[in-house]
Amino acid sequence: MEKLKPKLFSVMKTYTREQFVKDVVAGIIVAIIALPLSIALALASGVTPEKGIYTAITAGFVISFLGGSRVQIAGPTAAFATIVAGIVAKNGMDGLIIATLLAGVILILMGLLRLGNLIKFIPYTITTGFTSGIAVTIFIGQIKDFLGLSIVTDEPLIETIDKLKAVFVFIGTLNVQALLVGVLSLAILIFWPMLPGFLKRIPASLIAVIAGSAAVAGLHLNVNTIGDLYEISNKLPAISLPAFSLTTVQNVLPDAFTIAILAAIESLLSCVVADSMVNSRHRSNMELIAQGAGNITSALFGGIPATGAIARTAANIKNGGRTPIAGMVHSVVLLLILVVLMPYAALIPMPVIAAILFMVAYNMCDIKTFVNLCKTSPKSDIIVLVSTFVLTVVFDLVVAIEVGILLAAILFMKRMSDVTEVEGWKYVDEDDDADSLALRVVPDHITVYEISGPLFFGAADKILKITLDEKRRCLVLRMRSVSAIDATAMHNLEKLYEDCQKKGIQLIFSHVNEQPWRVMEKNGFIEKVGADNFCAHIDDALKRAEQL
């Protein structure tokens with residue numbers, strides 16, 4: 001069983017001074033990368049800029065300290081932007097803090113109950129669908145600032161479709177100077193990483209922030225900056241408790257579950273990617289506990305939800321980070337930046353923030369993967385993918401995940417039901433099977449049925465389609481291909497047994513596998529039918545039937 005022990009405590013046994021130097025360098029570089037992203041994601045989430053940095057400092061430190069990964073870097077991510085903005089708009093900061101605290105508790109419980117491996121049961125089509133949907137919502141939400149539009153409405157715009165409509169309605173207020181700054185920033189973000197040598201190692205987002213701020217301030221352009229729209233604070237994060245109420249808890253509980261599921265999925269995906277890069281193996285349940293503790297800490301210090309960030313984790317690895325010390329250094333460096341440089345964040349133009357988020361959205365939305373899934377997947381998977389994507393954009397993430405999982409479950413059950421068959425032996429082509437009934441003599445007074453596939457509630461009704469002929473005194477059910485049964489199938493088997501009893505037909509089972517055997521034994525079915533009527537092989541079952 002996987003240890004519930006932070007990776008930090010394991011790696012420190014062989015820690016060296018050389019690795020400490022590498023971890024410090026990697027932590028500083030990752031902090032520089034995280035600075036503009038944390039500010040941008042905070043603004044996309046509908047909160048003030050410093051709250052994004054609070055999150056990277058507090059949650060980033062705790063998750064690195066307690067985490068189940070050697071190299072995971074945590075902080076605010078784009079996956080939470082739309083859901084956080086919705087919570088803040090509907091329930092205020094207190095509602096967001098309560099939702100994040102609840103999500104943290106849920107994550108800790110998931111880890112303690114060792115549910116880390118259950119995340120794999122969420123289909124890839126759902127994660128791809130809502131990730132692409134989030135990317136589109138982030139992109140649409142930033143068009144206003146990129147174009148410098150002046151949108152005036154009676155109520156704040158929350159829904160993505162409303163934001164898109166407002167762009168078309170107020171397109172006449174386009175600010176050409178803001179657009180030019182946005183285009184300049186976007187060009188830097190695209191082309192800077194293509195430069196040769198040392199230059200490309202400097203984060204493109206940092207260059208875009210410096211260039212955009214210098215252009216607006218130096219040329220006195222009429223472009224909104226963060227300082228024009230938000231009050232900038234360089235105060236250290238302090239503990240603040242929200243005003244708890246049962247109504248608020250009830251309102252945000254679905255959002256808390258969504259935050260917890262998202263945090264679990266994204267952090268564990270990041271761990272898997274990191275494992276392949278450093279040839280390590282993460283502890284998924286410990287990582288969930290760390291994510292829970294990190295989110296609780298972030299909420300208490302005024303931050304927003306956090307999770308493992310794949311891009312920042314990859315940057316940490318590429319720059320030599322190999323232990324959780326790098327993630328802790330990244331948080332300490334951000335704390336120093338907050339105190340010293342945060343007032344200068346007021347100079348960052350909003351089109352630059354929009355351009356950074358455009359790139360985040362582009363990187364999130366893997367268009368090639370989405371298109372490829374639509375071309376190559378079965379229709380049922382395409383339905384789940386497209387439905388989750390559309391619902392994320394048109395409604396919200398909570399609805400998308402709920403409907404996506406429900407659709408995936410229903411379609412999976414339909415698929416399993418289609419592959420489960422209950423057929424008389426003479427209709428089954430078994431020419432290549434050494435155990436084929438075609439190679440055996442089946443007396444006229446014996447009926448043999450072969451059951452193939454899992455017997456669960458979606459396919460259990462097929463048991464009731466077995467024809468009982470009173471002229472035949474024995475019914476043999478061959479179950480070598482039945483890997484599992486559930487309560488509904490068990491109920492139908494009992495009903496079949498009762499019908500056999502009424503008609504004087506003896507029911508005999510052949511080759512019952514381990515899981516069905518345990519269910520039947522626990523249910524008392526084996527005792528009821530008689531242990532002698534459960535045979536290991538079809539030959540034994542036929543011999544038993546002849547004796548009776």
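Predicted model: local features only at pLDDT ≥ 70, side-chain atom pairs only at ≥ 80, totals over all residues.
Residues are numbered from 1 along the chain as its sequence is written. Local features need pLDDT of at least 70, side-chain atom pairs count only at pLDDT 80 or more, totals for chains, interfaces and linings use all residues, and side-chain values use heavy atoms, with hydrogens and water left out.

**Exercise 1.** State how many helices and strands the protein chain has, and what its C-alpha trace spans.

Solution. Count the DSSP runs: helices are H or I of at least four residues, strands E of at least two, numbered from the N terminus. The protein chain has 21 helices and 7 strands. Next, take the principal axes: the C-alpha trace spans about 100 × 60 × 55 Å.

**Exercise 2.** Determine whether N316 is buried or exposed, and list its contacts.

Solution. First locate N316: helix α12, residues 310-318, holds it. Then apply the cut-offs: buried is under 20% relative accessible area, exposed over 50%, partly exposed in between (1.4 Å probe, protein chains only). N316 has a relative accessible area of 0%, so N316 is buried. Of the 548 residues of the protein chain, 53% count as buried. Finally, search for contacts (heavy atoms within 4.5 Å). Leaving aside neighbours within four places in sequence, N316 touches A26, V30, V71, I73, G321 and A326.

**Exercise 3.** Place Y344 in the chain and classify its accessibility.

Solution. Y344 sits in the loop between α13 (324-341) and α14 (350-364). Its relative accessibility is 55%, and therefore Y344 counts as exposed.
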